[in-house]
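Student: Can we go through this structure together? I would like to ask about one piece at a time.

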Amino acid sequence: MTDKAPLKIHDLRPAKGANKAKVRKGRGEASKGKTAGRGTKGTTSRNTVPLGFEGGQVPLQRRLPKLKGFSNALFKTTYQVVNLDKIGELFPEGGDVTVETLVSKGAVRKNQPVKVLGTGEISVAVNVQAHAFSGSAKEKIAAAGGSVTEL
């Protein structure tokens, strides 16, 4: 019987030919150099592409106009609209119509200004409180015996 030393981890080596050196591309003709796996010519073969480059198409920052001037569009008030025929449907017996009652009946959203327009007819006397009224709405409410109060 032969006396063999036990196998130790530090004695382990990979099999011959199992480890191959990494190919270092772009380091000269003899070592897979030249185009370095990027092909010949074209954008992707170059080192860098300018930021915002769109392949020759006019870039986005040149297609959009420059910021000019000042606009009051951000400060405009957008009213929620309620027509007289809707008020007539919601309040068939008349009475007081406020923004809160319109919100509770689902005609408008809360915390936004309300404008009453004169589309349709109203036959009952209503006392309407809103942020704005059209001229025809004021006339029709007054003709039906109601009153108008601007908030």
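Tutor: Buried means under 20% relative accessible area, exposed means over 50%, and partly exposed is in between, with a 1.4 Å probe and protein chains only. Strands (E, at least two residues) and helices (H or I, at least four residues) are DSSP runs, numbered from the N terminus. Please keep in mind that this is a predicted model, in which local features need pLDDT of at least 70 and side-chain atom pairs count only at pLDDT 80 or more, while totals for chains, interfaces and linings use all residues. Residues are numbered from 1 along each chain as its sequence is written, and side-chain values use heavy atoms, with hydrogens and water left out.

Student: Okay, and which strands is β4 joined to?

Tutor: Strand β2, residues 95-97, is joined to β4 by 3 bridges, and the two run parallel; here glycine 95 has valine 126 as its bridge partner. There are also 4 bridges between β4 and β6, again running parallel, and glutamine 129 stands opposite threonine 149 in β6. Two strands count as paired if DSSP finds at least two bridges between them.

Student: What holds paired strands together in general?

Tutor: Strands of a sheet pair through backbone hydrogen bonds, either parallel or antiparallel.

Student: What is the order of the strands in the open sheet?

Tutor: The open sheet has 3 strands in the order β1-β3-β5, with parallel pairing. Its edge strands are β1 (80-83) and β5 (132-133), each of which pairs on one side only. Between β1 and β3 there are 4 bridges, and valine 81 stands opposite lysine 115 in β3.

Student: Switching to the inside, which residues touch the most other members of the largest nonpolar core?

Tutor: That core has 20 residues, and Ile87, Leu102 and Val116 are the ones that touch the most other members. The elements giving two or more residues to this core are α2 (84-90), α3 (99-104), β3 (114-117), β4 (126-130) and α4 (135-143). A nonpolar core here is a set of buried Ala, Val, Leu, Ile, Met, Phe, Trp, Tyr and Cys residues joined through side-chain atoms within 4.5 Å.

Student: And what does leucine 102 touch?

Tutor: If we do not count residues up to four places away in sequence, leucine 102 touches Val82, Leu90, Phe91, Val97, Ala107, Val108 and Val114. A contact means heavy atoms within 4.5 Å.

Student: What about serine 134, buried or exposed?

Tutor: Serine 134 counts as buried, at 16% relative accessibility, and lies in the loop between β5 and α4. Leaving aside neighbours within four places in sequence, serine 134 is in contact with Lys115, Val116, Leu117 and Gly118.

Student: New topic: how many salt bridges does the structure hold?

Tutor: The structure holds 3 salt bridges, where a salt bridge is a side-chain nitrogen of Lys or Arg within 4 Å of a carboxyl oxygen of Asp or Glu. One of them joins glutamate 150 and lysine 138, with the closest N and O atoms 3.2 Å apart. Glutamate 150 lies in strand β6 (residues 147-150) and lysine 138 in helix α4, so this pair ties together parts that are 12 residues apart in sequence.

Student: And the others?

Tutor: Glutamate 121 forms a salt bridge with lysine 140, the closest N and O atoms being 3.6 Å apart. This pair links distant parts of the chain, since glutamate 121 is in the loop between β3 and β4 and lysine 140 is in helix α4, 19 residues apart. Glutamate 121 is exposed, at 61%, whereas lysine 140 is partly exposed, at 25% relative accessibility. Arginine 63 and glutamate 54 also meet through their side chains in a salt bridge, at 3.2 Å from N to O.

Student: Last one, where is asparagine 111, and what is its phi?

Tutor: Asparagine 111 is found in the loop between α3 and β3, and its phi is near 65 degrees, a positive value in a residue other than glycine. Asparagine 111 is also exposed, with a relative accessible area of 76%.
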